[in-house]
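Hi,

Here is the structure I said I would pass on.

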Amino acid sequence: MTHDHHEDHPQGRSPGHHHEHADIDWNEMASVLEAQAELFTPLYERALAWLGHKQTAPGLIVDAGSGPGVVSCLLADAFPGARVVAVDGTEPLLERARGRAARLGVADRFGTLAGELPGVLDDLDYPPDLLWASRSLHHLGDQRAALAAFAARLAPGGTLALLEGGLPARFLPRDLGIGRPGLQARLDALEEEWFARMRADLPGAVAETEDWPGLMAAAGLRHTGTRSFLLDLPAPTTDRARAHVATVLSRMRDGFGDELDATDRATLDRLLDPEDPASVHRRRDVFVLAAHTVYTAERTG
């Protein structure tokens, strides 16, 4: 099993791709992951500034589930005295991360590590002072055991920063003027069902109440904070944001398939048709509004 990458989707849960597939075009996927993470950069920067008050001078930072390294490089920028290691199960994405680090001038304190979480963390040269895990934990079957493994690999006084949860992203008004009102709420419901199936099908899957501070405490960590960060790109939004919205809606349309009713599928087809005045490519009421939640905990022993 290959774990997911934190930059994959504004909610971290995209039915439109499955990394177990051997026929993935990683150049194309990497471009999608990079574009989405770059769009969300203002949110990540605020989250990392907040983290900087909790872990002021980390020596080693690990990005667990880094994808192509957009946030890994933001970590290097936010903590200029730290070495950053991007960890992921997919070597083509780590190659992109190394290239990004070189372009941004941080390659001298940037490394990568290929392998599956959490076991691959045993290959680190020394324990991290900050372990950033964004949307990667929920792709591991036994989340409680994975958190315990993360905790065991932290340096004394080190911080685990876990990005999970938040709110479903919104892109469109409730009433679009086409189809039935409430399209995104219905897509949310389908995504929740897909996510539950995805979790249940993971190797070694264990059902767990998603009380992240409680699970961190059970792993022997001291919960030090919870905060949500907002991305607010109001209408009329940028072409880059429109492209992101089109990508997300296209992957939902293709991923949900026959679970969509005929009316909602027809609405999505219109929203994704660049020639249609009602499409997300052309309408003036498209926006991006999302909230991500970060939980932090410290290893005290």
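Before anything else, keep in mind that this is a predicted model.

Let's start with the helices. Helix 6 passes helix 9 in a left-handed crossing. Helix 6 covers residues 183-201 and helix 9 covers residues 262-271; their axes lie 11 Å apart, at an angle of about 110°. Angles of 65 to 115 degrees count as roughly perpendicular, so helix 6 is roughly perpendicular to helix 9. On the helix 6 side, the residues that meet helix 9 are Leu183, Arg186 and Leu187, and their counterparts in helix 9 are Asp264, Thr267, Leu268 and Leu271. Sorted by class, that contact has four nonpolar, one polar and two charged residues.

Helix 6 also packs on helix 8 (residues 239-256), with the axes coming within 11 Å and crossing at roughly 60°. That makes helix 6 oblique to helix 8. This crossing is left-handed too. Leu187, Leu190, Glu191 and Trp194 of helix 6 touch Leu249, Met252 and Phe256 of helix 8. By class, this contact has six nonpolar residues, no polar ones and one charged.

Now for the strand. Is strand 5 (residues 159-163) mostly covered or uncovered? Mostly covered: five of its five residues are buried. Thr159, Ala161 and Leu163 point one way, while Leu160 and Leu162 point the other way. Its neighbour, strand 4 (residues 130-134), runs parallel to strand 5 and is joined to it by five bridges. In one of these pairings, tryptophan 132 has alanine 161 of strand 5 as its bridge partner.

Cheers

Terms used. Residues are numbered from 1 along each chain as its sequence is written. This is a predicted model: local features need pLDDT of at least 70, side-chain atom pairs count only at pLDDT 80 or more; totals for chains, interfaces and linings use all residues. Side-chain values use heavy atoms; hydrogens and water are left out. Axes are lines fitted to C-alpha atoms, for helices over the stretch in contact, and angles run from 0 to 180 degrees between N-to-C directions. Helices (H or I, at least four residues) and strands (E, at least two) are DSSP runs, numbered from the N terminus. Angles under 35 degrees count as roughly parallel, over 145 as roughly antiparallel, 65 to 115 as roughly perpendicular and the rest as oblique. A crossing is left-handed if the near helix is turned anticlockwise from the far one by less than a right angle, and right-handed if clockwise. Contact means heavy atoms within 4.5 Å. Ala, Val, Leu, Ile, Met, Phe, Trp, Tyr, Cys and Pro count as nonpolar, Asp, Glu, Lys and Arg as charged, and the others, Gly among them, as polar. Buried means under 20% relative accessible area, exposed over 50%, partly exposed in between (1.4 Å probe, protein chains only). Two strands pair if DSSP finds at least two bridges between them.
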